[in-house]
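Hi,

Here is the structure I promised to send over. Have a look at it first, and my notes on what I found follow below.

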Amino acid sequence: MNNKNPTGTVLYLIEQAIKEYRKVSQRNISKIVKDITIDQCLVLIILNNDAEISQNELANLIFKDNASITRMIELMVRKDYLNRTIHKEDRRKFNLEITEKGMKTLELINPIVQLNRETALNGLSLEEINILYKTLNKIITNCKQ
């Protein structure tokens, strides 16, 4: 074992790559929008693409449990990124709507998200990206068995 990879496995490097990507992404987003996290940006992006998504599905997509996503949504409502209203047919559910501030934030962060992805994948060929995609999907499949 060495200090840079204490487990000596590729799994450690995958975790490290994600953490480094999240750090650079948050740093770049914070230059443009001071009071939002990567996960909150993801919530806005996902809701913008699918306004009818359930809170449970949203939590799964950003790898959060229900309690965490509930806290995050409450914070985003307080910061005026989202409006939350009770669902008309099922009072146990909520409707989430992106506010004007949330939409403006999406406009500001979209180029940053693109820049972050380009930065992370810089120097990788399309073939390398495709191989990585297949390899990571195999690992995910193995872990779900």
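**What I found**

Let's start with Asp-80: at 39% relative accessibility, Asp-80 counts as partly exposed, where that label covers values between buried (under 20% relative accessible area) and exposed (over 50%), using a 1.4 Å probe and protein chains only. Asp-80 sits in the loop between α4 and β1, and has a positive phi of about 70° although it is not a glycine. Phe-63 also has a positive phi, about 60°, and is not a glycine either. You'll find Phe-63 in the loop between α3 and α4, and it counts as exposed because its relative accessibility is 75%.

Some housekeeping before you go further. This is a predicted model, so local features need pLDDT of at least 70 and side-chain atom pairs count only at pLDDT 80 or more, while totals for chains, interfaces and linings use all residues. Residues are numbered from 1 along each chain as its sequence is written, and side-chain values use heavy atoms, with hydrogens and water left out.

Now the overall picture. The protein chain has 6 helices and 2 strands, in the order α-α-α-α-β-β-α-α from the N terminus. Helices here are DSSP runs of H or I with at least four residues, strands are runs of E with at least two, and both are numbered from the N terminus. The C-alpha trace spans about 55 × 40 × 30 Å along its principal axes. Of the 145 residues, 26% are buried. Taking contacts (heavy atoms within 4.5 Å) with a separation of 6 or more, 43% are between residues 24 or more positions apart.

Next, helix α2, which covers residues 38-49. Its 12 residues reach 17 Å from first C-alpha to last, close to the 16 Å expected at 1.5 Å a residue; that expected span is 1.5 Å times one less than the number of residues. Among the buried residues of α2 are Ile-38, Asp-39, Val-43 and Leu-44. The cover over the buried residues of α2 includes α1 (10-32), α3 (55-61), α4 (66-78), β1 (82-86), β2 (94-98) and α5 (100-121).

Which residues touch the most other members of the largest nonpolar core? They are Val-43, Leu-44, Ile-69 and Leu-82, out of 24 residues in that core. The elements giving two or more residues to this core are α2, α3, α4, β2 and α5, and α2 gives the most, with 6 residues. By nonpolar core I mean a set of buried Ala, Val, Leu, Ile, Met, Phe, Trp, Tyr and Cys residues joined through side-chain atoms within 4.5 Å. Setting aside neighbours within four places in sequence, Val-43 is in contact with Leu-58, Ile-62, Ile-69, Met-72, Met-76 and Leu-82.

Thr-85 is in β1 and counts as partly exposed, because its relative accessibility is 45%. Leaving out neighbours within four places in sequence, Thr-85 is in contact with Lys-93, Phe-94 and Asn-95. Its C-alpha is 31 Å from that of Gln-114, 29 residues apart along the chain. Over in β2 there is Glu-97, which, again leaving aside neighbours within four places in sequence, is in contact with Tyr-81, Leu-82 and Asn-83. Glu-97 and Ser-125 are 28 residues apart in sequence, with their C-alpha atoms 38 Å apart in space.

Cheers
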